Structures are given as structure tokens and as C-alpha cells.
Amino acid sequence: MSAAQSGSRSTFWLFKMSHEKQDTLLKLSVLTMAAILSFSTRLFSVLRFESVIHEFDPYFNYRTTRFLAEEGFYNFHNWFDDRAWYPLGRIIGGTIYPGLMLTSAVFYHILHFFHITIHIRDVCVFLAPFFSSLTVLVTYHLTKELKNAGAGLVAAAMIAIVPGYISRSVAGSYDNEGIAIFCMLLTYTMWIKAVKTGSLFWSVMCALAYFYMVSSWGGYVFLINLIPLHVLALMATGRFSHRIYVAYSTVYCIGTILSMQISFVGFQPVQSSEHMAALGVFGLCQIHSFIDYVRSRLSREQFQILFRSLVIFAAILGLSAFGVATALGKISPWTGRFYSLLDPSYAKNNIPIIASVSEHQPTTWSSFYFDLQMLVFQFPAGLYFCFKAPTDANIFIIMYGVTSIYFAGVMVRLMLVLAPVMCILSGIAVSSTLTTYMKNLDVAHKDKKVKRTDMNYPFKNEVATSVILMMTLFLLTYTFHCTWVTSEAYSSPSIVLAARGGDGGRIIFDDFREAYYWLRHNTPEDTKVMSWWDYGYQITAMANRTILVDNNTWNNTHISRVGQAMASTEDKAYEIMRELDVGYVLVIFGGLTGYSSDDINKFLWMVRIGGSTERGQHIKENDYYTPQGEFRVDKEGSPILLNCLMYKMCYHRFGLVYTESGKPTGYDRVRNVEIGNKDFELDVLEEAYTTEHWLVRIYKVKDLTNRGN
């Protein structure tokens with residue numbers, strides 16, 4: 001009885017609250033639930049496997065974060081890593097965006113200050129889910145600035161579970177994008193506040209948020225081009241004002257100075273072509289403000305003469321300065337990755353190392369639906385509502401939406417940049433639609449005693465009910481779709497693989513860690529390991545061995561040399577391996593288990609990259625195809641392919657193995673063929689270790705024969 005009475009009292013207290021307090025409590029409740037949902041829905045991988053770092057790049061981030069936490073910032077900033085890019089090495093402090101590592105180290109030290117003992121690896125694993133919760137809150141505030149609190153709540157709930165963002169922020173996905181999306185949306189929120197108020201405070205906050213973004217991810221270039229584009233659009237539409245001038249001038253000046261403090265960025269903000277748009281718009285702001293001042297002091301005729309003269313003079317001066325600076329090398333040209341965004345075929349034709357990365361491929365239509373579901377259909381509706389009531393802020397989100405959907409179509413990795421604006425515009429669309437039709441329902445209920453109906457809008461209640469039910473169905477299907485995609489597609493670490501057996505049970509393939517553990521404990525500490533660049537970060541982080549190339553891909557010539565070794569015959573490959581002081585060679589092979597992301601399927605990229613430099617001109621891609629232009633590993637395959645080093649390392653002893661019942665020995669379960677070259681022995685290598693499921697194969701390079709024997 002007492003429990004019932006206390007429950008009724010709490011309910012009575014809730015209803016006694018004012019409307020404003022109830023509204024605030026409801027908003028806090030929705031945002032809290034969305035933030036908790038955002039964090040918890042990213043924990044599938046930890047619950048199914050363990051607290052482990054995913055993918056390839058995150059292992060480098062984890063290794064550097066651990067060094068920072070143990071050795072301190074000074075040693076971290078001056079760290080020369082001699083275990084990477086042998087014999088070149090790598091200066092870590094000057095070649096990374098340190099924001100991710102610094103954030104994790106700060107959290108780690110704060111927790112230890114309060115005597116909360118936690119390993120730095122666990123901080124790295126759970127950092128992205130934590131920042132996704134913060135992203136929910138920032139999305140709410142950004143959408144609230146654009147529309148209203150209702151749209152903000154819907155957008156926050158949507159971004160909490162959207163697969164396009166979850167793909168880069170699940171537990172264990174310790175990559176720069178894990179915090180970069182939060183930084184990006186925070187910068188946008190501060191920018192909109194600065195534009196709406198013209199406040200110096202919000203402008204400085206925007207510059208500080210931009211600085212955090214620059215320190216975290218190379219995608220900051222998108223921001224420093226989108227914000228000037230917004231200012232340019234406001235000028236073109238006659239919306240430029242003192243507020244815009246104060247906001248942009250402050251953001252550009254302080255943001256540029258702060259961004260240049262990042263060693264990896266350096267003087268790029270004032271030298272590279274990618275940043276010239278921001279500088280040009282900054283100059284236009286000064287000219288525009290000066291013209292407005294002069295206009296107020298001169299007559300109409302005098303002003304027109306002066307204006308024409310100034311425009312011609314400024315154009316000539318600006319173009320001349322740009323041309324001279326470019327000719328003298330003071331302004332660097334656009335990078336290959338930037339060109340590939342403007343021309344999707346550029347990387348394929350000119351820079352195979354960029355085109356070889358799967359996340360740099362164009363996005364398929366199915367990927368848009370897979371990662372965004374109903375947001376694809378709500379996005380145009382959100383644009384419509386923004387066009388319907390154009391404001392300075394709405395013009396910004398329109399430009400963000402249009403530019404990001406183009407870039408996401410060019411490169412699948414940039415789906416990550418598209419997902420937030422999809423949620424924001426969809427939140428505006430859903431909120432506006434429900435607000436409109438819920439009012440019609442209210443009207444229908446209030447006037448139900450009145451028999452006379454509105455002849456201009458018959459079936460008002462029925463139409464409103466249908467639209468609301470349809471929208472509810474959309475939101476329900478969106479929830480189920482996002483949960484399924486997160487669970488099945490984005491919650492499996494690449495370091496630990498899983499498959500279903502014939503009885504429906506789960507089979508775990510832990511070959512990668514098995515191989516790295518073997519390398520760590522069974523090879524000399526100073527040994528050099530040659531592998532394709534995909535696995536470099538994992539080898540240095542988990543096996544603690546020196547590698548030739550890794551995922552940084554900064555030296556195309558060095559990677560090409562490894563590709564030449566893989567694509568050559570044993571004797572030619574041996575010369576390259578001796579030249580690079582290689583002790584062991586590691587390859588990934590999926591022919592036994594059916595793992596399709598193995599080195600045979602990546603081999604053509606090794607050929608293309610190997611033949612892209614002067615020393616590899618003898619390697620021709622066509623030599624590895626059949627006369628019919630097919631890439632085959634069976635008896636019909638090219639003799640050059642069947643006798644190259646990569647083929648022999650993958651298929652050594654495989655011709656003796658039965659992989660499927662009813663199939664001959666040496667049946668490749670990925671290519672679905674019987675291999676063409678079974679009977680061969682290795683001359684310059686000897687098999688050192690093969691993991692349980694043959695996923696990783698390690699070979700030792702033989703010493704030179706003793707000429708005295």
C-alpha cells in the first residue's frame with residue numbers, strides 16, 4: 001500500500017510541474033536514452049568476442065597511444081619509430097594527427113587520478129562509443145539551431161543508431177573518425193551560433209572546435225572549404241552582414257593560426273591549394289566590408305566608378321599573386337586524394353596505391369540504402385523544408401547536404417560525413433511532417449461535436465492518421481534495420497573471424513593473433529618482416545617486429561619494391577629480399593577457409609603498384625592474365641602467375657590438402673577452382689609457420705649458400 005501511495009505521489013508531483021519543466025524533463029529523458037542507446041548499440045563486438053581493437057589502422061593508433069600514456073608527450077612528439085618502413089623509419093610526431101591519442105591519454109590519466117584502474121587498451125576500445133553519445137547531444141543542439149527542439153530530438157535519436165556512423169564508431173574501432181565526427185558537428189554548431197549572433201565568443205569557440213578537428217582527422221579540409229563556401233553563398237544571395245564578417249574573420253584567423261600548431265599540418269593552411277578557397281573568401285570579406293563602408297560615403301555615380309576599378313585591380317592582383325606563388329612553388333598543388341574526389345577515375349589511372357584501398361572505391365546504390373535506409377527518402381524532404389524557409393543557417397545545412405552526398409558517392413569512406421547531415425535533414429522532415437499532421441488530429445478531436453465539416457479539406461482526420469501511421473512504420477523499420485546492420489555487418493573485428501558451421505554453431509578463426517604471437521616469441525627481436533602493406537600496423541603492434549611497409553602508404557616507391565618481390569620469380573624476389581634485409585615473409589591465404597580478403601585476391605594491386613615505378617617497369621599486368629584476359633589460378637592461368645613468389649607462398653603444400661568432399665586436392669574455396677601448379681618446392685624460402693586454418697603463412701628467407709662448400 002505504501003509503495004502504491006509513493007508511486008501516485010511521484011506521478012502527482014510530475015503533473016504539478018509547470019509546462020516548461022515538463023518539456024525540459026521530456027527533452028532530457030529522450031536525449032539521455034538516445035545517448036545510452038548510442039553507446040550500448042556499439043558493444044555487440046565486445047559482448048560476442050572480447051575487448052579487442054578492430055581492423056588495421058587502429059592498431060597503429062593503439063600502439064602510439066600506449067607509448068604516449070607510458071612515455072609522456074615530449075617523448076611521443078619526438079619519437080622516431082625504427083620498427084616501421086625499414087630502413088627509412090618514421091618520425092611519429094610529425095606524421096600523425098595526434099588528437100585521438102591525446103584524448104585517450106587524457107581520459108586514461110584522469111581515470112587513474114581518481115584511482116579507477118583501467119588498461120589503456122580498454123580506454124581505446126570504448127572511446128568511439130563514448131564520443132558517439134556526445135555526438136548525439138551535439139546533433140540535437142545543431143538541429144535545434146537550424147529548426148527547433150523537436151527536430152533536434154528526432155535527429156539525435158536517428159544518429160544514435162545510423163549504420164553509416166556506427167561503421168566507424170563501434171567498440172574497438174579506434175580510428176580518427178571515432179572522435180572526428182563529434183568534432184565536425186561541434187564546429188558546425190559553433191559556426192551556426194556565431195553566424196546567428198555575430199558574437200566574438202561563439203566565433204572563438206568555433207575556432208577552438210576547428211582546432212580540435214584539425215588535430216584529429218585529415219578530413220578537416222572539408223570543413224575549411226564548406227564554411228567559406230557558405231559565406232560565399234551568403235554574399236551571392238545578398239545576406240552578407242556584419243555578423244558574418246565578424247564570425248568568418250575570427251574563425252579563419254584564429255583557426256588557421258591554431259591549425260598550424262599541428263606538426264603534420266604545418267604551413268599547409270597558407271600554402272596548399274586545398275586551403276586557398278578559405279583564404280580567398282577571407283579576402284573577399286575584407287573587400288566586401290570595405291565596399292560597404294565606401295558606399296556609405298560616396299554618391300552612386302562615384303561609387304560605381306570606384307567599384308569597377310577596384311574589382312578589375314583586385315582580380316588582376318589576386319590572379320597574378322596566385323600564379324607567381326604557384327610557379328615559385330609557394331603554393332603546393334592538390335594532392336592525389338583531393339584530385340580523386342573531383343575525378344573518380346584519377347586514382348585508378350594515375351595512383352594505384354590510392355585506388356587499391358577498398359574504402360576509396362565509389363559507393364554503390366545499395367550501400368546508400370544499407371547504411372542510411374529511410375534517411376535516403378527523408379533527405380529530399382528535409383531539403384524542401386529548408387528551402388521553404390531559407391535562413392543563413394538553413395543555407396549552410398543545404399550546402400552541407402549537397403556537397404557531402406556528392407563526395408559520399410565518389411568515395412565510400414565519406415559515407416561517414418554524409419550520415420550526420422542525413423540524420424539532421426531527416427529529423428527536420430519527420431518533425432515538420434508530424435507537427436503538421438498532429439495539429440490536424442487535434443483539430444479533428446476538438447471539433448468532433450460540430451457536424452459541419454471543412455469542405456476545403458475533407459477527410460482531414462483520416463489523412464492525418466494515415467500519414468502519422470506511415471511515419472511510425474518508417475521509424476520502426478529504420479530501428480530494426482539499423483540494429484540488424486550493426487549486429488551483423490559492423491560488429492565483427494577483422495582480427496578475429498567468425499563463421500557458421502554445418503550444425504549452425506559458431507566457429508572462431510583466431511589465426512591472425514596466433515601468427516603474430518608466434519612471430520613475437522620465435523623470431524629474433526631485430527628481424528625484418530616483409531608483407532603487403534595492409535598488415536604492417538598489426539605486425540608492429542602485436543608482433544613487435546620491424547616491417548618494410550605499413551598502412552601509412554607515404555612512400556609509393558618502397559611499397560612498389562615489395563610488390564615487385566611478390567610478383568617476381570623466386571630468384572629475382574630473393575635479390576630484393578636480400579637488398580631489404582628481410583628475415584621472414586608473411587602472407588594471408590584464404591583458399592582453405594573461404595576467406596576472400598586474402599593476398600591472392602589483392603595480388604593484381606601488387607602487380608599494378610609494383611610496375612608503377614621505374615625499377616618495376618618490367619612487371620606488366622597483362623602478363624598475369626590468360627590470353628583471354630582472365631585472372632586464373634588453375635591450369636589455364638598465366639605461367640608467370642603460377643611461378644611467382646606470391647603464388648608459391650600461398651599454395652605451398654596446398655596441393656596435398658582436401659578442402660571439400662567430392663573435390664580434388666588443392667581445391668581453392670575462394671576462387672572455386674583446383675590450383676594449376678601443385679608440384680613445386682621453394683628454393684629461397686622455407687616454411688616457418690602456418691596457422692591452424694592456414695589463414696596466415698610465414699616463411700623464413702634462407703641464408704646465402706656458402707661458396708666454399
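Predicted model: local features only at pLDDT ≥ 70, side-chain atom pairs only at ≥ 80, totals over all residues.

Modeller: Happy to; we can go from the overall build to single residues.

Colleague: How much of the chain is buried?

Modeller: Buried residues account for 51% of the 709.

Colleague: What about contacts between residues at least 24 apart in sequence?

Modeller: If you take contacts between residues at least 6 apart in sequence, 71% of them join residues at least 24 apart.

Colleague: How many positive and negative side chains are there?

Modeller: There are 59 positive and 56 negative ones, and the centres of the two sets are 12 Å apart.

Colleague: Let's go inside. Which residues touch the most other members of the largest nonpolar core?

Modeller: Trp191 and Met577 do, in a core of 195 residues.

Colleague: What does Met577 touch, leaving out residues up to four places away in sequence?

Modeller: On that count, Met577 touches Met530, Val582, Val585, Leu645, Val684, Leu685 and Val701.

Colleague: Another methionine, then. Where is Met184, and is Met184 buried or exposed?

Modeller: Met184 is in helix α10, which covers residues 177-197. Met184 counts as buried because its relative accessibility is 0%. Setting aside residues up to four places away in sequence, Met184 touches Met213, Leu223, Tyr400, Val417 and Pro420.

Colleague: How far is Met184 from Thr135?

Modeller: They are 49 residues apart in sequence, and the C-alpha to C-alpha distance is 9.5 Å.

Colleague: Switching to backbone geometry. Where is there a cis peptide bond?

Modeller: Between Tyr86 and Pro87, with omega about 0°. Pro87 is in the loop between β1 (80-81) and β2 (90-91).

Colleague: Trp85 is in the loop between β1 and β2 too, I see. What is its phi?

Modeller: Trp85 has a positive phi, near 55°, in a residue other than glycine. Trp85 is also buried, as its relative accessible area is 0%.

Colleague: What about Asn672: what is its phi, and where is the residue found?

Modeller: Asn672 has a positive phi of about 60°, although it is not a glycine. Asn672 is found in the loop between β8 (667-668) and β9 (673-674). With 47% relative accessibility, Asn672 counts as partly exposed, whereas Trp85 is buried.

Colleague: And Arg669, where is that one, and what does it touch?

Modeller: Arg669 is also in the loop between β8 and β9. Apart from residues up to four places away in sequence, Arg669 touches Gly591, Leu592, Thr593, Gly594, Thr659 and Glu660. Its relative accessibility is 34%, so Arg669 counts as partly exposed.

Colleague: One more arginine: where does Arg48 lie, and what is it in contact with?

Modeller: Arg48 lies in helix α3, residues 44-48. Beyond its neighbours within four places in sequence, Arg48 is in contact with Ser487, Glu488 and Arg506. Arg48 is partly exposed, given a relative accessible area of 32%. From Arg48 to Ser18 is 30 residues along the chain, and their C-alpha atoms are separated by 46 Å.

Colleague: Last stop, Thr705. Where is it placed, and is it buried or exposed?

Modeller: Thr705 is in the segment after β11 (696-701). Thr705 has a relative accessible area of 70%, and exposed means over 50%, so Thr705 is exposed.

Colleague: How far is Thr705 from Glu20 in space?

Modeller: C-alpha to C-alpha, Thr705 and Glu20 are 86 Å apart, with a separation of 685 residues in sequence.

Colleague: Great, thanks for the tour!

Methods
Residues numbered from 1 in each chain as written. Heavy atoms only, no water. Core = buried A, V, L, I, M, F, W, Y, C linked by side-chain atoms within 4.5 Å. Buried < 20%, exposed > 50% of the residue type's maximum accessible area, 1.4 Å probe, protein only. Contact = heavy atoms within 4.5 Å. Lys, Arg positive; Asp, Glu negative; His and termini not counted. Charge placed at Lys NZ, Arg CZ, Asp CG, Glu CD. Helix = DSSP H or I, 4+ residues; strand = E, 2+ residues; numbered from the N terminus.
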